Amino acid sequence: MTEKYDVVIVGAGVIGTGIARELSRYELDVAVLEKEPDVGWGTTKANSGIVHAGYDAKPGTVKASFSAPGNKKYEEWTEPLSVPFVRVGSFVSAKDGSQDGELERLKEQGDENGVEGLEIIRDRAKIGELEPNISEDVEAVLHAPTAGVVAPYKLTIALYENARDNGISFFFSSPVEDIVGLEVPEEKGKFTVITPEKEFKSEYVINAAGISSGKIADMVGDGSFSIFPARGEYHLLDSELQGYVKKINFPLPTGESKGILVTPAAEGSIIFGPNHQPLEEPSLATTKTGLEEVYSGATDLFPDIDTSKIVTNFAGLRAKSGSDDFEIGESEAVEGFINVGGIQSPGLTAAPAISDHVVDLLEEKGLQLTPDPEFDPEREPIPKFADMETEEIAEYTDDFPAAKEIVCRCEEVTRAEIEEAIDRGADTLDGIKFRTRSRMGSCQGGFCTPRLVEILASKLGVSPKEVTKKGDDSRLLAEETKEG
Amino acid sequence: MKDRINRIKKDIVVIGGGPAGMAAAIRGAEEGADVTLVERDIELGGILNQCIHNGFGVEIYGEELTGPEYAERFTRRVGENDVDVRLNSFVLSLRPDKVMTLLTPEGVLQVDADAVVLATGAREKSRGEIQIPGDRPSGVMPAGTAQKFINKKGFMPGKKAFVLGSGDIGLIISRRLTWEGAEVVGVAEIMDYPTGLNRNVVQCLHDYDIPLHLQHTVTNIYGSDRLEGIELSRVDENFQPIEGSGKDIDIDLLLLSVGLVPENDFFKEAGVTLSQKTGGALVDEWFQTDVPGIFGCGNAIHIEDLVDWVTMDGFRAGDGAVAYAGNGNLPDADKEVLAGENVNYVVPHEVSGEDEFRFALRVTEPMENVDISIKGTDISYFKRIVTPGEMEVEEVGEEDLPEIEGLEQVEVEVTRRS
């Protein structure tokens, strides 16, 4: 079966959905193809959730050109889409005088990149005021007030919902197997993008495939870059510690990465990580040595933090290109094929600026952009029971009886939220988790998983045996018991 | 606008309808107090309802009941007494002045109580807390979650299982899985002794030829979607995996029975001081916390071996709550109870010395021929075998009180007989 589109986007991470959402402003037929069963399950899902100020990237790099501008645009996304985003500010900490020069260097770099408000604080009392629990050994910090935190999966889900509501078609569990470029463009369809179930003809293809972006480029004979995945491991702490860490805390950067940071997460908990491990093959497995490295890096900055409150650990992948820079632009090999590859940190930060840039690029390449009068920039979030005041709960539960059942106790998530998440497209336990926070709290789903399986099976109209954690073969249950 | 929040006044509110909460509510009502019992589930009984094995009630009834049978007896007693039972109801907040907000099927309810008993039980530790590295597939879950799937929902979470941790839940689930036709490849325990009850080791593992690997732990998890296998390694005396000792085992289910943690959120919210050792609230001989009128009992205080002890603690907490609700005070518990030599922890943490009391302790390591005694007194109890897996419970009777009265602190110690 073949469908025809103006633009096909490969990859539904924050970049692919971001571009899709910006394109949804126009009267266009756009399809997004994603190999996973949901949005944001690649590099987007597991990272630090930081909107960087933009001082890290070397001036003149592609990263630098999108970082600070991306940061400035953040509210343009998070406000209409109702995604929590807080500019908590970031610290780069120096522990002795010899490191002071490095702070100066970063500040100069940031000034050159157009980052506003950077200051080096050497007054220990002021550092303690802004970050009371930081190591006493910290003597000076580079403070970047514009840095912020956002839940990358929440942002991506919001972009997806809004893009979908504005007419973009999403195809999940649809890995791209090949892309065939035609010599003679037919009516609508220079490229044929092949997935197991369907073929998509399109004038333009956008390669936003993250870790797979090198392979997708290869499919059209563009060998200009390759991806060398680098794993980063994390610890996540109980949201009970909310407030213990106030800023995004970096050590001094190493050559390879920005170092192991300690940061509040947008949704209230605290994150430690990541380390940096180059891999031959992509793997999301955590390692003992890696988790220990992250632990020791984090406790170096916050020696007294209660690490017994670690609730889970996970790993994410950086889609590092050979040049260590973003690979953004029309392929030199094939006209109409636009690479947005090698998007590693600060890709989340850059996403709004990259999305705008890609739209401009498409227009430049001849795509007709007619504004869609029906475009609605706003998206309503799922009402969050845990944030409601008592009076509000009384009213809300009167109107929505399903909200009278609290399914996930740790994070106070009601059946109403879970059913709403399923109605909005979640069809796995992880899909529900990223939309509602169920199973993200201190018991990690110990209590609520059996009930969640029941609710999901019933809403999808399948047997509980068909319910999966994250699609494919990740079923939870094997068979009925003898007594059923 | 009409006020959507109903407000009521109660002598005692008990939070949690498991064995501890039911006992506290029954005792409160028996003594004439106006009691509300709040339970989030659709029925009373708590975790007992998924424990379909027998062995419950030996101390109280002298017979071996199943969990649901034990729950049924107490549910009936709750019904016979005039307890206001609120099922499908959740506590939204609890203030130190004992005003709480409930979400009930009828709507939001604000209750102003004279005394509150928290009987919220415990939760199982998760994979993240013990930081097992590796992939994150489905098929890794706490043993109690698997028990719920099997016994309450009628589904098997896997066919070839391994159990990490030799706690009672892990032992009992091993037998249950075997009965259901699953293969249990083994049980691993990081300590050099099993941490569950000896009777469960015999009846659940030995009787079914399930190997118990002491001083072993899981050091890796394989499988990107569904669990495919684990790496099992031997550990050294510091519990660190010994390099090169790892061997891979193919399984599709890894169950964790690596400890329980008291559910202490409401204690924290009410400003109650917690024990660093147990994670539950610090309590006196009436199970009163350091916030006057807030009591706690059962696994919310410390993890108990037998439901019978949980029930007895619930009765005692109920007595305390009645006394507090009635006249606003209880004897001042000003003698700190200390964990002395070879003692990991003791509950209660404070006593008045004016009333007889029971204390429960866990030792730090397995020992033979020991005396459990209160330092500076003649109060002493001989034990042939003690182990951290088995809680020791002793009574300090009326005849012992004169000795306690003279003490500033009550130090409980366990000494070996030479």
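At what angle do the axes of helix α11 and helix α12 of chain A cross, and within what distance do they come? The axes of α11 (residues 415–423) and α12 (residues 429–436) cross at roughly 115° and come within 9 Å. This is a predicted model, and the predictor gives the complex an ipTM of 0.95 and a pTM of 0.95. For chain B the mean pLDDT is 96, with 99% of the residues of that chain at 70 or more. The points below cover helix packing, sheets, domains and local backbone features.

**Helix packing in chain A**

- The crossing in which α11(A) passes α12(A) is right-handed.
- On the α11(A) side, A:Glu417, A:Ile418, A:Ala421 and A:Ile422 make the contact.
- On the α12(A) side, the contributing residues are A:Ile432, A:Arg435 and A:Thr436.
- Sorted by class, the contact between α11(A) and α12(A) holds four nonpolar residues, one polar residue and two charged residues.

**Helix packing in chain B**

- Helix α4 (residues 143–153) and helix α5 (residues 168–179) of chain B have axes that come within 9 Å and cross at roughly 35°.
- The crossing of α4(B) with α5(B) is left-handed.
- From α4(B), the contact takes in B:Ala143, B:Gly144, B:Ala146, B:Gln147, B:Ile150 and B:Asn151.
- From α5(B), B:Ile169, B:Gly170, B:Ile172, B:Ile173, B:Arg176 and B:Leu177 take part.
- Seven nonpolar, four polar and one charged residue make up the contact of α4(B) with α5(B).
- In general, two packed helices are described by the angle between their axes and by the distance between those axes.

**Five-stranded sheet of chain B**

- An open sheet in chain B is formed by five strands in the order β23-β21-β28-β25-β26, and the pairing is mixed.
- The edges are β23 (350–351) and β26 (380–386) of chain B; each has a single partner strand, so one side of each is left without a neighbour in the sheet.
- Strand β21 (residues 335–339) of chain B pairs with strand β28 (residues 409–416) of chain B in the parallel sense, over four bridges.
- Within that pairing, B:Val337 is opposite B:Val410 of β28(B), and B:Leu338 is opposite B:Glu411 of β28(B).
- Strand β25 (residues 367–374) of chain B pairs with β28(B) in the antiparallel sense, over five bridges.
- Opposite B:Ile372 stands B:Val414 in β28(B).
- In a regular strand the side chains alternate between the two faces of the sheet.

**Three-stranded sheet of chain B**

- Three strands of chain B, in the order β15-β16-β17, form an open sheet with antiparallel pairing.
- Here β15 (216–222) and β17 (247–250) of chain B are at the edges, and each has a single partner strand, so one side of each lacks a neighbour in the sheet.
- With direction ignored, neighbouring strands of this sheet are turned by 30° against each other on average.
- Strand β16 (residues 229–234) of chain B runs antiparallel to β17(B), and four bridges join the two.
- B:Gly229 has B:Asp250 in β17(B) as its bridge partner.

**Domains of chain A**

- The domain assignment divides chain A into domain 1 (2–44 + 152–226 + 324–364), domain 2 (86–148 + 230–317) and domain 3 (385–466).
- The centres of domain 1 and domain 2 of chain A, taken over C-alpha atoms, are separated by 32 Å.
- Between these two domains of chain A, six residues of domain 1 are in contact with four residues of domain 2.

**Local backbone features**

- A:Gly273 and A:Pro274 are linked by a cis peptide bond with omega near -5°.
- The loop that holds A:Pro274 runs between β16 (270–273) and β17 (277–278) of chain A.
- The peptide bond that joins A:Ser345 and A:Pro346 is also cis, with omega of about 5°.
- A:Pro346 lies in the loop between β20 (337–341) and α9 (347–364) of chain A.
- In chain B, B:Asn88 has a positive phi of about 50° although this residue is not a glycine.
- B:Asn88 is found in the loop between β5 (84–86) and β6 (90–94) of chain B.

Key. Residues are numbered from 1 along each chain as its sequence is written. Chains are lettered from A and ligands numbered from 1 in the order in which they are written. This is a predicted model: local features need pLDDT of at least 70, side-chain atom pairs count only at pLDDT 80 or more; totals for chains, interfaces and linings use all residues. Side-chain values use heavy atoms; hydrogens and water are left out. Axes are lines fitted to C-alpha atoms, for helices over the stretch in contact, and angles run from 0 to 180 degrees between N-to-C directions. A crossing is left-handed if the near helix is turned anticlockwise from the far one by less than a right angle, and right-handed if clockwise. Contact means heavy atoms within 4.5 Å. Ala, Val, Leu, Ile, Met, Phe, Trp, Tyr, Cys and Pro count as nonpolar, Asp, Glu, Lys and Arg as charged, and the others, Gly among them, as polar. pLDDT is the predictor's confidence in each residue, from 0 to 100. Two strands pair if DSSP finds at least two bridges between them. Domain bounds come from an automatic or database domain assignment.
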